[in-house]
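Have a look at the picture first, and then we can walk through it together.

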Amino acid sequence: MLKGKCHSCDRMIQKTVTDTCIYCGASLEAGQRFTAEEKKEILRLKQKLAEDRRANSVVVSNPSTGSTFLAAGDLSGGGDC
Ligand SMILES: [Zn+2]
């Protein structure tokens, strides 16, 4: 699902359901936009993260569990891209 770098600010394109760069707001080029299918997957991952975060807030034994930032390259979910 990786889309490479933004043509405008040269930062990695993050998983987003918009068609713009989250850093500089530039419109992504056609080949860099996420498809409807991918956006559904992204929303699903975000929802899962939110649920995990809720679960973690109940179990306070280890508050320093990993980052919830949905960075490119993380949580690829077994995709073949
Ligand atoms: Zn950018």
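## Before we start

What you see is a predicted model, where local features need pLDDT of at least 70 and side-chain atom pairs count only at pLDDT 80 or more, while totals for chains, interfaces and linings use all residues. Residue numbers start from 1 along each chain as its sequence is written.

## The overall picture

The protein chain has 1 helix and 0 strands. Both are DSSP runs numbered from the N terminus: a helix is H or I with at least four residues, and a strand is E with at least two. Helix 1 covers 36–58.

Of the 81 residues in the protein chain, 5% count as buried. Here, buried means that 20 or more other C-beta atoms lie within 10 Å of a residue's own, exposed means 12 or fewer, and partly exposed is in between, with C-beta atoms placed from the backbone. As for contacts (C-beta atoms, placed from the backbone, within 7 Å), take those between residues at least 6 apart in sequence: 39% of them join residues at least 24 apart.

Lys3 sits in the segment before helix 1. Leaving aside residues up to four places away in sequence, Lys3 touches Ile13 and Gln32. Gln32 is 29 residues from Lys3 along the chain, yet their C-alpha atoms are separated by 5.1 Å.

Met1 also belongs to the segment before helix 1. Its count is 19 C-beta neighbours inside 10 Å, so Met1 is partly exposed.

Thr18 lies in the segment before helix 1, and it counts as exposed because it has 12 C-beta neighbours inside 10 Å. Between the C-alpha atoms of Thr18 and Arg33 there are 8.2 Å, with 15 residues separating them along the chain.

What is the phi of Asp10? It is positive, about 65 degrees, although Asp10 is not a glycine. Most residues other than glycine have a negative phi. Asp10 is in the segment before helix 1 too, and with 10 C-beta neighbours inside 10 Å, Asp10 counts as exposed.

Key
Contact = placed C-beta atoms within 7 Å.
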